[in-house]
Amino acid sequence: MGKAVPYVEFDRVTLARAGKPLFEGFSLGLSEARVGLIGDNGSGKSTLLRLIAGLILPDSGDVRLSGPGEGRPGFLFQNPDHQILFPTVGEEVSFGLIEGGMDPKTANAEAAKLLAAHGCAGWEKRAVHELSEGQKQLVCLIAVLAPEPNLLLLDEPFAALDLPTRYDIRERLSQLKQNIIMASHDIDLLSEFDRVIWLEQGRVRGDGPPKSVLAAYLAKARAGTEKARTA
């Protein structure tokens, strides 16, 4: 069987942030259904996702999406307050449908169906600011899924959630048909992915099956902790 064709491809991407180079001649292809990104803060995980989504553009080089990556990806931010645009749940969920060309009446009806399917029946008129952080993140996930994107980009989606909500959304994600690229420090979740990429200062430090990459990342983290303790 031949090697799978990448649905996301970075071709010699260079990007500077705040005047400092982050990616220099960065090349990488992603073809697996579940790809995890791991690395310390500032390693480039979130920036990589934003490049894929087209939220930022490289200074040079190309980011190409094809096959399952074609179309506008769905993007779930770490903080739902950075994502939510509208005062009510129904407006938030229907927005992507209307933006995609659906008439408002049909979009509102479809939003109500989607909310009900995710256990949120009757939420259409609820004020977003009255929701818990977990409920906001769930609404954001439903809104992202509404236009049926082929690819989901998740940036630390569990960071602000309590444990029950984290497990609930994690279970929902595991049942999705879309390809997923997720930046996370959730080692247990990433261990179930097809591939994990360890980024360090805009470079690939490790890349491959989760077991080996995560073990190497954890070993480095422990070594750093021991060094700091004995210094």
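**Entry 1: the whole chain**

I started with burial, and buried residues make up 45% of the 231 residues in the chain. Buried here means under 20% relative accessible area, with exposed over 50% and partly exposed in between, using a 1.4 Å probe and protein chains only. I noted that this is a predicted model, where local features need pLDDT of at least 70, side-chain atom pairs count only at pLDDT 80 or more, and totals for chains, interfaces and linings use all residues. Residues are numbered from 1 along each chain as its sequence is written, and side-chain values use heavy atoms, leaving out hydrogens and water.

Next I looked up the secondary structure, which comes to 7 helices and 9 strands. These are DSSP runs numbered from the N terminus, with helices as H or I of at least four residues and strands as E of at least two. The chain is as compact as a globular protein of its length, because its radius of gyration is 19 Å, close to the 17 Å that the globule rule gives for 231 residues. That radius is taken over C-alpha atoms, and the rule is 2.2 Å times the number of residues to the power 0.38. Along the principal axes, the C-alpha trace spans about 55 × 45 × 40 Å.

I also checked contacts, meaning heavy atoms within 4.5 Å. Among those between residues at least 6 apart in sequence, 66% join residues at least 24 apart.

**Entry 2: the largest pocket**

Then I went looking for pockets. On a 1 Å grid over the protein atoms alone, a pocket is an open set of points with protein on both sides within 12 Å along at least five of seven lines, points being where a 1.4 Å probe fits; lining residues have an atom within 4 Å of a point. Grid points are joined across faces, edges and corners, and a volume is the space filled by probe spheres set on them.

The largest pocket holds about 660 Å³. Its lining has 23 residues, and the closest to the centre are Arg72, Pro73, Phe75, Glu99 and Val144. β5 (74–76), α2 (89–99) and α4 (133–145) are the elements giving two or more residues to it, and α2 gives the most, with 5. I sorted the lining into 13 nonpolar, 6 polar and 4 charged residues.

Of its 20 lining residues, Asn41, Gly42, Gly44, Ser46 and Thr47 are the closest to the centre. β2 (20–30) and α1 (45–53) each supply at least two lining residues, and the largest share, 4 residues, comes from α1. By class I found 3 nonpolar, 10 polar and 7 charged.

**Entry 3: helices and two charged residues**

Back to α2: its buried residues, including Val89, Glu92 and Leu97, pack against α3 (104–117) and α4. Just after α2, Gly101 takes a positive phi of about 110°.

Skipping residues up to four places away in sequence, Lys136 touches Pro80, Asp81, Ile84, Val128, His129 and Leu131. Lys136 and Asp81 are 55 residues apart in sequence and 7.9 Å apart in space, C-alpha to C-alpha.

Arg170 lies in helix α5 (residues 163–174) and counts as buried at 16% relative accessibility. With residues up to four places away left out, Arg170 touches Phe158, Asp186, Asp188, Leu189 and Glu192.

Methods. Nonpolar A, V, L, I, M, F, W, Y, C, P; charged D, E, K, R; others polar.
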